[in-house]
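Could you walk me through this model in my viewer, one selection at a time? I would like to know what to pick next and what is there.

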Amino acid sequence: FSPILTENDNKELNQLSAEKRAEALEKLTVVKYAMQFGVRKAAKEFGKTPSSVHRWSKTYTTEGVKALVGIREKEYSEALRHVFSLAEAMFCRPEKYTIKSIYQEVKKVANECGIELTYEQLRQYLNNFYFGRNITLKG
């Protein structure tokens, strides 16, 4: 069974770390199957309990994909702010960090929080953050 994902499903999946993305996709597959064939049939097909399938379906419907792996939108936003604050702090330190070295450090924190962070996202964020200072960021 290959679930049909909405644009929002894909957007939320892409915001997750690889580990969390795999977990969310597994649960989302079960949920989409349940939507098409029913909770009991989905539970049997995927070896899950009907109560788990029902809970995941409700969570997905009310809170979205990220909530399937325990990441609520508010928590995600706070974690992302934490990651970017760390990047800002490193960038402002007297020791000169390259964007690459900042990325390597904040990527670890992002992964611990279940967030997918690309080098380009960080670079763009820091560029926007320091835009008023006429600083051009180089890799």
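Start by selecting Lys 107 and Glu 116, which form a salt bridge with their closest N and O atoms 3.2 Å apart. Bear in mind as you look that this is a predicted model. Both Lys 107 and Glu 116 are buried.

Ser 17 sits in the loop between α1 (7–14) and α2. Is Ser 17 buried or exposed? Its relative accessible area is 5%, and because the cut-off for buried is under 20%, Ser 17 counts as buried.

Next, the other salt bridges. The structure holds seven of them. Select Glu 26 and Lys 48, whose side chains meet in a salt bridge at 3.4 Å, N to O. This pair links distant parts of the chain, 22 residues apart: Glu 26 belongs to helix α2 (residues 18–37), while Lys 48 lies in the loop between α3 (39–46) and α4 (50–63). Glu 26 is partly exposed at 44% relative accessibility, and Lys 48 is partly exposed at 28%.

For another salt bridge, go to Glu 95 and Arg 93, where the closest N and O atoms are 2.8 Å apart. Here Glu 95 is partly exposed, with a relative accessible area of 38%, and Arg 93 is partly exposed too, at 41%.

Now switch to the aromatic rings. How many aromatic pairs does a search of the whole structure find? The search finds six. Select Phe 1 and Phe 37: their ring centres are 6.2 Å apart and their planes stand at 75 degrees, so this pair is edge-to-face. Phe 1 is in the segment before α1 and Phe 37 is in helix α2, 36 residues apart, so the pair links distant parts of the chain. Phe 1 is partly exposed, with a relative accessible area of 47%, and Phe 37 is partly exposed at 39%.

Tyr 33 is buried, with a relative accessible area of 8%.

Key
Residues are numbered from 1 along each chain as its sequence is written. This is a predicted model: local features need pLDDT of at least 70, side-chain atom pairs count only at pLDDT 80 or more; totals for chains, interfaces and linings use all residues. Side-chain values use heavy atoms; hydrogens and water are left out. A salt bridge is a side-chain nitrogen of Lys or Arg within 4 Å of a carboxyl oxygen of Asp or Glu. Helices (H or I, at least four residues) and strands (E, at least two) are DSSP runs, numbered from the N terminus. Buried means under 20% relative accessible area, exposed over 50%, partly exposed in between (1.4 Å probe, protein chains only). Rings of Phe, Tyr and Trp (its six-membered ring) pair if their centres lie within 6.5 Å; planes under 30 degrees apart count as stacked, over 60 as edge-to-face and the rest as tilted.
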